[in-house]
Amino acid sequence: MVTCYDVWAPTNLSLFTASFSGFLVLAVAFGNGCVMLAIARDPLKKLRSPFNYFLFNLALSDFTVGVITMPLAVKHHLDESRKQYNRPLEIAMHMSYFLSATTSVFSLAVLSIDRFCAIRWPIRYRRMVTAKRCALVCAAIWFTSAALTTFYLLIGYIRSLMVFIHTAVLVTLVILLLTYIQVYRAFRAQILELKRLKRASDAYTYNQLNTIRLEKKVTRAFLWILGCFIASYTPAIIMIYILETCTHCDCTLWHCLRDATFLIVSANSGMNPLVCAFRLKVFRRSVALALNFTRTGKTFSSQRSYNMNISTDKISSSRQQISTISTWTESYKKKPDPD
């Protein structure tokens, strides 16, 4: 394995990596911050579910990339472009990088298992997956990720990347594939049963149509998650193997592969909100309402007060009209008969 730690990276490469890391600060932090804000505020009262608790944990790990890892990466690569080296800064950047990336990948695996349980055992799901158990699973994810991250202090950056792809990435990929296969089989069995019933009754019921639509949505969602995961990590895995096994690589190529791997894995944290959350209409509406609430401070309360004032004015106006009519009625009754 070639090690080029004693050779400075090209200045243009360091500046590009710093610039792209700065872009990821905004993209990753904003996207995952919106997801966390929507779940925390839950303006539509529809996001308090086990799936969304795990999604919050995923967004939190990705948010860590945007607010900690990427700012440190910007500073580190700017220093590198000036031929300055700060070892504590590099350690902090890599530790936060491995912690957040490992947590993010494991959270994707847990999300897939959660969806499989919800589809495989829909009646027992609510009793099995409680808020307390979700919290314990999320804590276990962070603890396991922290334990794997400590290998960086013992074996260095490149070897830690090998540990990362052979533990978190490989396990998550296997879980995603197995979960997708099981979900697909379960839904296909339901679809075949519905087709058999259709031949018997010559029509689909409302619940049957909903099942078919759900099958399409869940299958499409799993395909998106699986496709984005493979698209993100396949080139990163290839580059990591080259970094580990190449014995005659040029140091310029070595630095390019090192930075490309770092940026690809980090950019995956910006895609997760789009794949897992923003594709859902209820999430998009919740994010819009939550951002509106945050921007205007008391938008909801002001709007509620405004609506209450309008209602009060309408009630007062109606009461005044009723009082006027009552007065006219009484006056008419007291009016003497001309005869």
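A residue is taken as buried under 20% relative accessible area, exposed over 50% and partly exposed in between, with a 1.4 Å probe and protein chains only. The model is a predicted one, so local features need pLDDT of at least 70 and side-chain atom pairs count only at pLDDT 80 or more, while totals for chains, interfaces and linings use all residues. Residues are numbered from 1 along each chain as its sequence is written, and side-chain values use heavy atoms, with hydrogens and water left out.

On to the overall fold. The protein chain holds 11 helices and 0 strands, where helices (H or I, at least four residues) and strands (E, at least two) are DSSP runs numbered from the N terminus. Written out from the N terminus, the elements read α-α-α-α-α-α-α-α-α-α-α. Take the contacts (heavy atoms within 4.5 Å) with a separation of 6 or more: 83% of them in the protein chain link residues 24 or more positions apart. The accessible surface of the protein chain is about 19,000 Å², and carbon and sulfur atoms own 65% of it; such areas come from the Shrake-Rupley method with a 1.4 Å probe, and for residues only the protein chains shown count as cover.

Next, the helix pairs. Two packed helices are described by the angle between their axes and the distance between the axes. Here the axes are lines fitted to C-alpha atoms, for helices over the stretch in contact, and angles run from 0 to 180 degrees between N-to-C directions. Helix H2 (50–81) packs on H9 at about 150°, with the axes 10 Å apart. H2 and H9 are therefore roughly antiparallel, given that angles under 35 degrees count as roughly parallel, over 145 as roughly antiparallel, 65 to 115 as roughly perpendicular and the rest as oblique. The crossing of H2 past H9 is left-handed, meaning that the near helix is turned anticlockwise from the far one by less than a right angle, with clockwise giving right-handed. On the H2 side the contact includes Leu-55, Asp-62, His-77 and Glu-80, and on the H9 side Arg-258, Asp-259 and Phe-262 are among the partners. The residues of this H2 and H9 contact split into 7 nonpolar, 5 polar and 4 charged; Ala, Val, Leu, Ile, Met, Phe, Trp, Tyr, Cys and Pro are classed as nonpolar, Asp, Glu, Lys and Arg as charged, and the others, Gly among them, as polar.

H9 also packs against H3, at an angle of about 40° and with the axes 11 Å apart. The H3 and H9 crossing is left-handed. Met-93, Tyr-97 and Leu-111 are among the H3 residues involved, and H9 brings in Val-265, Asn-272 and Cys-276, among others. That contact of H3 with H9 has 8 nonpolar and 4 polar residues, and no charged ones.

Helix H3 (residues 87–120) also meets helix H5 (residues 131–149), at an angle of about 140° and with the axes 9 Å apart. H3 and H5 are therefore oblique to each other, and H3 passes H5 in a right-handed crossing. Among the residues in touch are Phe-98, Phe-106 and Val-110 of H3, along with Ile-141, Trp-142 and Leu-148 of H5. The contact of H3 with H5 contains 10 nonpolar, 6 polar and no charged residues.

A few single residues round out the picture. Asn-268 sits in helix H9 (residues 251–276) and counts as buried at 2% relative accessibility. Setting aside residues up to four places away in sequence, Asn-268 touches Cys-228, Ser-232 and Tyr-233. Cys-251, also placed in H9, is partly exposed at 21% relative accessibility. Beyond its neighbours within four places in sequence, Cys-251 is in contact with Cys-4 and Val-7. Val-183, in helix H7 (residues 157–201), counts as buried at 2% relative accessibility.

Finally, the backbone. Most residues other than glycine have a negative phi. Asp-42, in the loop between H1 and H2, has a positive phi near 45°, and at 3% relative accessibility it counts as buried. Lys-83, in the loop between H2 and H3, has a positive phi of about 60° and is partly exposed, with a relative accessible area of 39%.
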